[in-house]
Amino acid sequence: MSKDKILEIHRIISKNYKDLNWWPVDSKYHKKNQTDPRFEIIVGAILTQNTAWSNVEKALVNLKEKNKLDIKNIAKSDEKELREMIKPSGFFNQKADRLKTISNHFLERYGGNLDNFFKRNLKEIREELLSLNGIGPETADSILLYAGEKPVFVVDAYTKRLCQRIPIKVELDYDNIQKHFQEELSKQYIGKELVQTYNEFHAQIVLLAKEYCKKKPNCNDCPISKNCNELF
DNA sequence: GTCCAGGGCCGTT
DNA sequence: AACGGCCATGGA
């Protein structure tokens, strides 16, 4: 077996999971209300922290009903009301704080214009996101990749579990896993294609992990079982 | 009733 | 630096 299996695994699961409409946003809503669809992704990235997406969707519906999928409107909204709206997504007290924090940040530093934020240097804006209370590495990178279309690979609990079972030969902490994926994938892709590959591959890993590489794994029929040392 | 979900923070070792 | 407890809802 080759010393790293990332590219091979990517090749295989790309066949199984195609044309993923990952991180869908409500374009109609944003068109009608003249809001920035990237902010919906940012809100979703915070709301989905350790939370099922189905619960996040309920919160997003509530936010849309009151036109809160907007930086200024969250920044000036009543926090109690905000908590109520995002309640279905769980951890609603801290998440309301986090939405406030990031909205205030974008409003104060960038006049609420995300172009002004995203056009800056990648390392700088990643550090800036990480400096905000409630924005850790996965949330920051989800924002950078899915909202900012930056070449950043998102590592989540699914990715870690997969790496542990395959296994890959790097320490299983966030930075090392990310570095490994980025080194391997950037051998094959550059520029916009690389961004698109990071985007889809993360989504593909989530689907694979939900279907097969679950906590209680389903190795039967798993498309990458031959590339994996784990056998259940 | 139990387990789990597209994490992150904080306090204790 | 590493680890455990905590945050909370809703679906399986």
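Biologist: How many salt bridges are counted between domain 1 and domain 2?

Modeller: A salt bridge is a side-chain nitrogen of Lys or Arg within 4 Å of a carboxyl oxygen of Asp or Glu, and the count between domain 1 and domain 2 is zero. Please keep in mind that this is a predicted model, in which local features need pLDDT of at least 70 and side-chain atom pairs count only at pLDDT 80 or more, while totals for chains, interfaces and linings use all residues. Side-chain values use heavy atoms, with hydrogens and water left out, residues are numbered from 1 along each chain as its sequence is written, and chains are lettered from A and ligands numbered from 1 in the order in which they are written.

Biologist: Which residue ranges of chain A make up the two domains?

Modeller: Domain bounds come from an automatic or database domain assignment; here domain 1 covers 3-20 + 154-231 and domain 2 covers 35-147 of chain A.

Biologist: How much area do domain 1 and domain 2 bury between them?

Modeller: The size of an interface is often given as the accessible area lost when the parts come together. With a 1.4 Å probe, and summed over both parts, domain 1 and domain 2 bury about 710 Å², of which 61% is on carbon and sulfur atoms. In domain 1, the residues that lose the most area to domain 2 are Val154, Tyr174 and Asn199, which together make up 57% of what that side buries.

Biologist: How many residue pairs are in polar contact across this interface?

Modeller: A polar contact is a pair of N or O atoms within 3.5 Å; within protein, one must be able to donate a hydrogen and the other to accept it, and residues adjacent in sequence count only if both atoms are side-chain atoms. Across the interface of domain 1 and domain 2 the rule finds four such residue pairs, both residues being at pLDDT 80 or more.

Biologist: Which residues are around DNA strand C?

Modeller: A residue is near a strand if one of its heavy atoms lies within 4 Å of it, and the residues around DNA strand C include Asn50, Lys58, Phe91, Phe92 and Gln94. Sugar and phosphate account for 57% of the atoms of DNA strand C that come within 4 Å of the protein.

Terms used: Buried area = accessible area lost by both parts, 1.4 Å probe.
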